[in-house]
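Reader: I would like to go through a protein model with you and ask some questions as we look at it. Could you please show it to me?

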Amino acid sequence: MTYLSLYPIVAVDMLGCLAMIAIATRCLALAYAIYRSDTDNALSNYLLLLIAAIFIFSISRSLGHIVKYILHLFGYISVWEKISPVSGSINTITFVIIASVTVFFDRVQAVMDKMLHDRISIEKTSKELLQLNREVEMIVSERTQAEMALRMAHEARNPVMIIGGLARKVLKKMPTEDLERPLMEMIMVQAQRLEEMILRFEEAISRTKKYFSPQELNAIVEETIEFVRPEAEQKDIVLFFDRCPVNLSFQGNKYLIKVAIAHIIRNAIEVCGPGNSIEITTDLAGKTVSVTIKDNGPGIPDEIKPHIFEPFYKTHHGETGLGLPYVKQIIDEHKGEIRITSAKGKGTTVEIRIPTHISEMTNKA
């Protein structure tokens, strides 16, 4: 009587078990299709493993229930009592697998998020380097053209001026009826054309500022610090930024200034060790904006100080490289100046000063 009263419940349970198997099979097929569409995607891998574990659990649990009812129906209760621990163990193992897969992929997801962040950062850096490379090439090209124009103008100016002056002097004294006067006038016209040509060459220098535009130093320094901060943190070096409260406008090239500042900060990171600090300060002084990088590292050896801006200067520690001479060239391009002071055991201070945008406008006026 007891079993007859439970038949509807048993029937519902068995139908539920069959439905669970069908749904789990369908989910597994969908998860596999998603996985096949992008086999390198961590989430699709995670979904497939998770659904596979749930599928195993569904089969184990459903078959366990069905087998139990069949054995009860035919009077083999003792057989079910023997195999039920096996069914329970399979269910437990599948739960452990599901938990392990979830924990593992939670960690994998964190690693992938970091990789994605790094990839975006690398792509951004690559774009900036590409842009920098293009602008450096254009600046060098413009400067080369300007130098050639100025050199030609310098070499030709004096002879042309002398010819023009003498022609004017002779023409002034020459009678109007003189048969040679037309020839002298032709010389005079050609001398004037040469003088105009030289003037155009000299004006070429004023067109070399195409890649310079109004910039704000605080923003550039902030971006640069964020760019090199991971390198400092890796060596347990603290970076401080004392930002000037006012905008520091100047006329320049953002990428070149970033390269110069980043190189100086990296030099400081390279020589400093754990526990050292690097303080970066921006300021406005008269008609110049400035950025100062001060570290409390070992300082620069005395024998290197006089040669610090010489490319590839050799010391017993090695070569000084091309970095600081390049930094100086960048600052020179901006009509600025760079000063380095250092004391052994007390650290190094590098100060860069660049004319403000206002001073550039004042000079033009």
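Reader: Which residues does Ser-290 touch, not counting residues up to four places away in sequence?
Author: In this predicted model, Ser-290 touches Leu-217, Thr-281, Thr-282, Asp-283, Glu-351, Ile-352 and Arg-353, with residues up to four places away in sequence not counted.

Reader: And where is Ser-290 found?
Author: Ser-290 is found in strand E5, which covers residues 288-295.

Reader: Is Ser-290 buried or exposed?
Author: Ser-290 counts as buried, because its relative accessibility is 2% and the cut-off for buried is under 20%.

Reader: Leu-217 was in that list of contacts. Which residues of the largest nonpolar core touch the most other members?
Author: Leu-217 is one of them, together with Ile-257, Ile-265 and Ile-280; the core has 33 residues.

Reader: Which helices and strands each supply at least two residues of this core?
Author: The helices are H6 (217-234), H7 (254-271) and H8 (323-333), and the strands are E4 (277-285), E5 and E9 (347-355). The largest share comes from H7, with 9 residues.

Reader: Why would such residues be buried together?
Author: In soluble globular proteins, nonpolar side chains tend to be buried together.

Reader: What does Ile-265 touch, leaving out residues up to four places away in sequence?
Author: Ile-265 touches Thr-224, Ile-225, Val-228, Leu-239, Ile-278, Ile-280 and Ile-293. There is also a second, separate core of 6 residues, which includes Tyr-46, Ala-53, Ile-98 and Phe-105.

Reader: Let us change topic. How many aromatic pairs does a search of the whole structure find?
Author: The search finds 1 aromatic pair. Its rings belong to Tyr-32 and Tyr-35, with centres 6.3 Å apart.

Reader: Why is the pair called tilted?
Author: The ring planes of Tyr-32 and Tyr-35 are at 35 degrees, so the pair is tilted; planes under 30 degrees apart would count as stacked, and those over 60 as edge-to-face.

Reader: Where do Tyr-32 and Tyr-35 lie?
Author: Both lie in helix H2 (residues 7-37), 3 residues apart, which is about one turn of the helix. Tyr-32 is partly exposed, at a relative accessible area of 42%, and Tyr-35 is partly exposed too, at 22%.

Reader: One last topic: how many disulfides are there in the whole structure?
Author: A search finds 0 disulfides.

Reader: Is Cys-244 buried or exposed? And what is the relative accessible area of Cys-27?
Author: Cys-244 is buried, with a relative accessible area of 6%. For Cys-27 the value is 34%, so Cys-27 is partly exposed.

Note on methods
Residues are numbered from 1 along each chain as its sequence is written. This is a predicted model: local features need pLDDT of at least 70, side-chain atom pairs count only at pLDDT 80 or more; totals for chains, interfaces and linings use all residues. Side-chain values use heavy atoms; hydrogens and water are left out. A disulfide is a pair of cysteine sulfur atoms within 2.5 Å. Buried means under 20% relative accessible area, exposed over 50%, partly exposed in between (1.4 Å probe, protein chains only). Helices (H or I, at least four residues) and strands (E, at least two) are DSSP runs, numbered from the N terminus. Contact means heavy atoms within 4.5 Å. Rings of Phe, Tyr and Trp (its six-membered ring) pair if their centres lie within 6.5 Å; planes under 30 degrees apart count as stacked, over 60 as edge-to-face and the rest as tilted. A nonpolar core is a set of buried Ala, Val, Leu, Ile, Met, Phe, Trp, Tyr and Cys residues joined through side-chain atoms within 4.5 Å.
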